[in-house]
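The sequence and structure follow.

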Amino acid sequence: MAVNLEYTPAEPLPPPRSEIGAIGWARANLFSAWYNGVLTVVAALVSILVLWFGLKWVFIAADWTVVVELGGRFILGQYNTEAACPGQNCFWRPQVSLLLVTALLGMAWGTSGNPMARTIALLVGGVAAALAFLPYRLETMGLDVRLLLLANLPALAAGWALARYTSLITLGRVVMLGVAVFVITLALLRGLPGVPGLMPVSVIHWGGLMLNLLLAVAGITLSLPIGIGLALGRRSRLPVLKILCVVFIEVFRGVPLITLLFMSKVLVPLAFPDNFPQEPLFLAGVVITLFSAAYMAENIRGGLQALHPGQAEAARALGLPGWQTTLLISLPQAIRNVIPAIVGQFIALFKDTSLVYIIAMQDLVNIGKVFIQGNTEYLDHARELFIFVAVVFWIFTYGMSWVSDRIERNLGVGER
Amino acid sequence: MTANGNTAAVEDIIICHDVHKWYGNFHALRGITTTVKKGEVVVIIGPSGSGKSTFIRTLNRLEQHQRGDITVDGIELTNDVRNIDAIRRDVGMVFQSFNLFPHLTVLRNITLAPNKVRKLPMHEAEGIAMELLDRVGIPEQADKYPAQLSGGQQQRVAIARALAMQPNIMLFDEPTSALDPEMIKEVLEVMRELAKSQMTILAVSHELGFAREVADRIMMFDEGRIVEDQPPDEFFNNPRHERVKHFLSQIL
């Protein structure tokens, strides 16, 4: 008994509408059961109370004059004080460094055309220029300072135009220029003995956000390659190299950073001859970088471990030598897989830079603390001060999270 | 005499003599002695764990043999790194799980080794890559990433990637085992075409139809040994070993 069934393709239907308006959404998501309803109401009440009292404090009760009073020292610490630069104005040095950075960001945007580079460049240039309009009187913040800040916008534009309309700037050159700018910044801030106008400024007077950023930039750019090297070393088949890397990682990871910083100040002078350069800041920078590199190494190693062994096998089977297999096949995939962990480490490093208070450096946090201690009339307003400091830190760390999120999305092309 | 009638090719391109391999205490290869002539197509079958994959992986030194000698294309496989790299340039390999590089486009997957190892200029390598993509039937996928392709397409890219090094020998390690039936067909089609082009091929595969059609010899591995090594007709109709009949009855 044969039945002829004609084949009719099923019509595709639109997906069911489960969310009908705001009420439907609320019913499905907020009040789907009695206990969810109770939770929603309680959470709403708590949020309203927190917002109410929080905003009331921020806008009415809090006295933010302490932040205004501390002013530029948040950014530069004691850098431009009479003690640091007796008899001359050093303010232009960090400002010129900032100009170089914005020009560099402009170039990065111009060469890559990347919307992320654009956002970062415009944000940094815009904020720098906006600082020129701070409501201080001219004798507190002179015209020269304001003009140099405003010049960040033309510097940005010049960098962008140079990259956009000439073939001088490539991505590789931007990286090289970045290193150069960092060195120039250090030289400008430190000063060169014997050069008029560049009188040396002891690093003891460096401080504020500038100090945190310098340490973070140096730490981040160095700890990643060092960490990669350590991770590869730990996976090496050469026993001596492997043991050295394991010992390094375990020692630096096993000791609190604060202890390492103490030791950098107390032990290193004992271990080296007197004429060994012992700038405490330099040692602190080295310690923070190595500490971070030890964690970085383990992040990267995790990424390498997670790769399918077939990847390296396929590369080797094609005749690629081991180092090219690592460089072109394993590392790019491993690093991509652990970007969240790497950026987490960057953020931790940035926050850890405030531990240099241990060696008596006045970073963003410590400068606030010292100010309060020296000006007891503001003792009641320490809360405002430290909330402000926290917000500044948060803005930078959130910026890093945002960049990492964008990078992940950009790299996500074709992945899984 | 071979099924393809290429009786002229008599040069032995792979010579194995008494090859042994252990994983810890497990004796994976227990004295493999065989030769493969240039242009020959050898299909290797056998139960799981019988050493067939291990065997072809020793041929390009992805696994190290611990006893015996292997000579591939005139080069003896020793610990000498230069020899190993020379052999790997000469021997293409296709894996069960494709192992394409997920962070590179299809085109870049194929041009990578010719560019970095053979030092071909990029435009030349790309020319070869496009020709090969054409040959495996997916030139339009060149700029996609591996994850955007179907399994069958990925395996065809993997074959093109191996061919781009212009190898004299191709090793296939269960190339269709991870594929849906429709995709098996498209991959076998490419392999069939390759077999007819005088390429020396060693393929671990349980596609018996394919083996019957293109193989010059079928080898069966069991417990680290070659238990049968015959032309397809003999192998299927008149196997010398009881073990072969039993295995065939299980997978047919």
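## Strand pairing in chain B

Val41(B) sits opposite Ile201(B), a residue of strand E8 of chain B. Strand E3 (residues 41-45) of chain B and strand E8 (residues 200-204) of chain B run parallel and are joined by four bridges. The model is a predicted one.

E3 and E8 belong to an open sheet of six strands in chain B, in the order E6-E7-E8-E3-E9-E10, with mixed pairing. Strand E6 (91-94) and strand E10 (225-230) of chain B are at the edges; each has a single partner strand, so one side of each has no neighbour in the sheet. From one strand to the next, the twist averages 15 degrees.

## Nonpolar cores

Which residues of the largest nonpolar core touch the most other members? They are Val42(B), Ile44(B), Ala160(B), Leu171(B) and Ile201(B), in a core of 82 residues. Helix H6 (residues 181-195) of chain B gives this core its largest share, seven residues. Another core, of 58 residues, lies apart from it and includes Ala284(A), Val338(A), Leu364(A) and Tyr378(A). In soluble globular proteins, nonpolar side chains tend to be buried together.

Neighbours within four places in sequence aside, Leu171(B) has contacts with Ile56(B), Leu59(B), Asn60(B), Val91(B), Gly92(B), Met93(B) and Leu202(B). Of these contacts, Val91(B), Gly92(B) and Met93(B) fall within edge strand E6 (91-94) of chain B, while Leu202(B) falls within strand E8 (residues 200-204) of chain B.

## Contacts between the chains

The contact between the chains involves 21 residues of chain B and 20 residues of chain A. On the side of chain B that touches chain A, helix H2 (81-90) and helix H3 (106-116) of chain B each supply at least two residues. By residue class, that side of chain B has eleven nonpolar, five polar and five charged residues.

## Chain B as a whole

Chain B contains nine helices and ten strands. Its radius of gyration is 18 Å, which agrees with the value near 18 Å for a compact globule of 252 residues. Taken along the principal axes, the C-alpha atoms of chain B fill a box of roughly 50 × 40 × 40 Å.

Of the 252 residues in chain B, 48% count as buried. Among contacts in chain B with a separation of 6 or more, 66% are between residues 24 or more positions apart.

## Chain A as a whole

Chain A has 18 helices and one strand. A compact globule of 416 residues would have a radius of gyration near 22 Å, whereas chain A has 27 Å. The C-alpha trace of chain A spans about 110 × 65 × 50 Å along its principal axes.

In chain A, 31% of the 416 residues count as buried. Of the contacts in chain A between residues at least 6 apart in sequence, 72% join residues at least 24 apart.

## Helix H17 of chain A

Which residues of helix H17 (residues 364-374) of chain A are buried? The buried residues are Leu364(A), Val365(A), Asn366(A), Ile367(A) and Gly368(A). Leu364(A) is also among the members of the core of 58 residues.

Key
Residues numbered from 1 in each chain as written. Chains lettered and ligands numbered in written order. Predicted model: local features only at pLDDT ≥ 70, side-chain atom pairs only at ≥ 80, totals over all residues. Pairing = 2+ DSSP bridges. Axes fitted to C-alpha atoms, helices over the stretch in contact; angles between N-to-C directions. Core = buried A, V, L, I, M, F, W, Y, C linked by C-beta atoms within 7 Å. Buried ≥ 20, exposed ≤ 12 C-beta atoms within 10 Å, placed from the backbone. Contact = placed C-beta atoms within 7 Å. Nonpolar A, V, L, I, M, F, W, Y, C, P; charged D, E, K, R; others polar. Rg over C-alpha atoms; globule rule 2.2 N^0.38 Å.
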